[in-house]
Amino acid sequence: VSRVLARAGALAALAAVVWGGRAQAEETPPIAITHALVYVPGGGPPIADATVVLAGGKVQAVGTSVATPPGAQIVDGRGKTVTAGFIDADTEVGVVEVDGEPGASDAATRGPLSPALRMVDGYDPRSAVIPVTRAGGVTSVVVAPRAGALAGQSAFVDLAGDTQAEAVVRPSLAQYARADEDEARQVGTRGALWMTLRQAFDDARFYAAHRAQYDSNASRPLGLRRIDLEALLPVLRGEQPLVMTVHRASDIETALRFADELKLRLVLAGASEAWLMRDEIAKAKVPVILDPLEDLPTQFDRLRSRSDSAALLAGAGVSVVLSTFSSHNARLLWQRAGNAVRLGMDHDAAIRAVTEAPADAFGLKGYGRLAAGAVANVVVWSGDPLQIGTRAEHVFVRGREQSLETRQTLLLNRYRTLPFTHDGSR
Amino acid sequence: MRYRERYFAFALAAPIAVAALAACDPERSQTARARSAQAPAVVPDPFAATESRARMPIESSEERPAAPVLVQHATVMTATGQRFEPGFVLMREGEIAAVGAGDGPGTPAGAVVVDARGKFVTPGIVDPHSHMGVAPVPESEGHDDVNELTDPITAGLRAEHSFWPEDAALERAVAGGVTTIGVLPGSGNLVGGRGVVIHMSPRAGARAMRFPGSPEILKMACGENPKRVYGELKRAPSTRMGNVRALREAFTRARKYAHDWEDWARRQQGRGLKGAGGKDAADKDEAKPPDRDLALETLALVMRGDILVEWHCYQADDMLAALEVAGEFGFKVRAFHHALEAYKIRDVLVAHGVGIATWDDWWGFKMEAYDGIPENLALMTEAGGRGAVHSDSPIAGQILNQAAGKALAAGRAAGVKIDENDALRWLTANPAWELGIDDQVGTLQAGKRADVVVWSEDPLSTYARAELVYVDGRLVFDRSHVGAPWSDFELGVRSMPVPRGGP
């Protein structure tokens with residue numbers, strides 16, 4: 001059971017929720033996926049004719065000489081490919097039901113500085129987007145805040161369970177900052193934006209060192225509310241990554257310097273021009289989350305966007321994480337990875353970029369790898385997971401097979417034949 | 001010379017069907033008059049002279065027939081149901097000279113021979129819904145020219161007058177196998193204005209890039225966008241019923257406008273019979289033509305059937321309401337664009353001969369997109385309707401082939417009996433029909449324009465890359481030799497070529 005509330009702030013600590021509790025604890029019969037092509041950690045090629053055993057919500061065993069436990073439910077994996085469930089590292093799944101409707105969209109935050117904001121509080125595990133995403137072979141997502149120089153905290157969720165308590169794995173995964181063209185315009189200029197960020201972290205550092213004075217009203221004035229100052233402490237301690245959306249190469253340079261000065265655990269997101277800084281990024285061991293289809297100079301801070309930047313970054317030794325940055329299209333993570341391959345990335349590396357790499361970027365132990373002891377988030381694909389026409393045939397979250405019925409399959413069934421009638425009669 | 005004819009005097013060279021549809025082009029006024037002689041004259045041609053000047057290309061067009069190109073040893077998919085493995089395509093003087101199985105009829109003198117072993121050859125992709133050039137990248141206030149949000153009916157506009165040929169997205173689309181795009185105004189207005197069909201070669205302006213002989217097309221929009229835009233301005237329309245009323249009122253005015261011109265033309269005819277004498281004051285009034293109104297003129301031409309209607313509509317009920325308006329004013333809808341709920345009323349759309357241009361699986365970004373399903377295109381095709389994949393986005397416009405592959409896969413998984421040829425037609429023949437250029441492009445057939453793509457592998461694969469792209473038989477993209485950018489804007493900025501791809 002994941003409990004990372006301890007130092008996430010006074011208010012959060014009050015809520016003694018056992019996140020990811022019930023679904024994981026529940027007993028399920030063991031499952032054996034046999035004779036499949038299995039992607040295992042380590043970067044090597046997949047293992048042919050392997051067996052994967054799931055039990056108690058965990059991966060029990062993976063290999064070619066693994067025995068099928070008695071009483072196990074067998075999934076014939078002949079001709080199939082098995083991977084760890086895909087992880088989309090930057091989404092709005094569960095917080096955006098209909099993007100254009102303010103009442104059905106909780107992704108964007110208000111104001112430039114809201115580090116205390118937690119996406120977990122707005123997460124709806126019953127969103128119609130979740131089964132659709134899961135049917136695309138995505139078993140976990142990072143639900144990230146949008147907009148704002150310091151936008152708030154993401155949640156890490158498994159795409160199963162009817163309650164927040166069941167679905168949420170990490171209620172406060174990472175802090176988010178934006179230093180792109182749009183945010184600079186909000187604040188005024190790039191310089192003003194970085195000054196705002198420095199000021200916020202400086203305030204938080206001062207607060208950490210002068211808590212007693214702060215509580216007795218003897219502190220110097222601070223720009224942030226107490227709840228926001230508290231939220232930045234795990235970031236300052238290096239316990240929580242700071243995911244920074246930034247595109248222009250020179251902005252990335254500033255971001256690397258900023259993180260180095262403050263000793264922050266930086267993750268870059270968006271990062272259209274990161275390929276120009278790939279050696280520096282590799283040296284700083286900073287992971288990069290990007291969408292390989294974003295190859296256009298859509299804005300002035302990404303005039304040097306390239307469609308092969310994932311391949312270039314990976315080639316320089318940067319840990320590349322592929323994401324859709326989407327809500328409703330998170331189900332197409334496989335296609336993003338496939339396009340990274342089309343544009344020069346190694347196929348196995350592209351698989352890792354949606355499994356191991358996101359888990360590593362956020363320190364999610366037990367995720368993204370098919371190995372004994374890992375969380376049993378597993379997908380059985382009808383073929384190459386990154387190829388058009390392949391389907392996720394079995395999706396397991398914490399060892400339990402998930403229904404692949406979605407609101408879309410219900411619509412399809414209703415209109416499969418015309419004229420349509422509500423009860424299916426003609 | 002052939003090209004100059006096509007370009008400057010295409011009424012002579014272009015087939016009748018296209019000529020009739022493009023009757024508002026002055027070069028076609030002969031044909032238009034010929035039609036008008038049979039049908040009652042709705043809009044007489046007096047303004048053809050003004051149109052003539054408005055239609056005159058001022059760019060110099062250096063069209064040189066390329067050397068013959070023979071692509072051999074490839075899997076050739078013609079989009080007419082044929083698949084040659086191996087097959088060949090011979091391009092000569094801008095046209096497809098021959099296509100078939102085997103190595104072809106020998107190598108013509110001076111021909112470039114492309115050994116395409118293991119590769120696939122298809123017609124160039126036609127994207128029927130693009131805003132490239134009018135909503136170019138980089139996004140800037142200086143070039144945000146896609147939506148004229150000052151009136152809900154802006155039928156007098158032409159997208160070509162917003163088109164910025166330096167849009168960096170254009171070359172990327174070609175690198176995705178796209179050879180023709182329908183550039184449309186945005187959907188903020190009920191009638192956004194005329195679109196322009198662009199043939200993908202780098203040139204100085206929209207008129208020089210205009211697909212020769214392409215008919216006029218009109219962008220219309222129903223549903224959320226117009227009512228939101230004008231509702232926020234506290235203006236009509238602010239509801240769907242407001243949308244429909246505004247449209248009906250506009251077409252009612254256009255009908256009167258057409259009748260006024262018709263009356264005037266009849267009076268002129270009468271005067272002609274009476275002879276040149278008897279010029280009194282009353283006669284002078286009679287001789288005065290109605291005031292010209294560009295918007296009403298466009299709508300009148302729609303009702304005459306001379307402009308193809310490309311109608312942005314998502315929901316089934318919105319499409320049904322649109323068909324009612326079209327029925328009331330006696331015009332046809334060529335295609336509903338986006339049309340995410342087409343599957344719910346595919347029988348109606350098929351009965352009305354309306355095509356759809358849509359994505360493979362976009363959904364949920366607004367209420368009217370909430371019921372989108374990936375099987376939409378497949379179900380429409382199964383019902384006997386025309387479907388096309390469109391982009392509406394410069395990102396999606398680079399991977400339209402993948403969209404067709406995904407829509408095919410979704411349909412097959414649902415048990416719909418469709419095949420690769422159907423999927424290919426979503427990319428080529430069907431969008432060409434929706435833009436009224438299917439007699440010129442969309443299939444690999446002798447006599448058609450040589451818009452041809454050589455793919456690294458099956459184009460319905462995620463990994464397929466367009467390696468060679470020909471427009472009118474000229475090589476416009478070669479992945480192995482990507483040179484200076486098309487866009488002047490990207491000079492000195494794009495430090496490396498567009499993706500070569502491949503490890």
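Which residues does Thr180(B) touch, not counting residues up to four places away in sequence? Select Thr180(B) and show its contacts (heavy atoms within 4.5 Å): you'll find Ile125(B), Val126(B), Asp127(B), Val197(B), Ile198(B), His199(B), Met200(B), Phe211(B), Ile437(B) and Asp451(B).

Quick housekeeping: this is a predicted model, where local features need pLDDT of at least 70 and side-chain atom pairs count only at pLDDT 80 or more, while totals for chains, interfaces and linings use all residues. Residues are numbered from 1 along each chain as its sequence is written, chains are lettered from A and ligands numbered from 1 in the order in which they are written, and side-chain values use heavy atoms, with hydrogens and water left out.

Now color strand E7 of chain B, residues 178-183, where Thr180(B) sits (strands are DSSP runs of E, at least two residues, numbered from the N terminus). Thr180(B) counts as buried because its relative accessibility is 0% (buried means under 20% relative accessible area, 1.4 Å probe, protein chains only).

Next, zoom out to both chains: 56 residues of chain B contact 49 residues of chain A. Pick Arg185(A) and Glu141(B), whose side chains meet in a salt bridge at 3.8 Å, N to O (a side-chain nitrogen of Lys or Arg within 4 Å of a carboxyl oxygen of Asp or Glu). The rule finds 3 salt bridges across this interface.

Technical notes. Helix = DSSP H or I, 4+ residues; strand = E, 2+ residues; numbered from the N terminus. Buried < 20%, exposed > 50% of the residue type's maximum accessible area, 1.4 Å probe, protein only.
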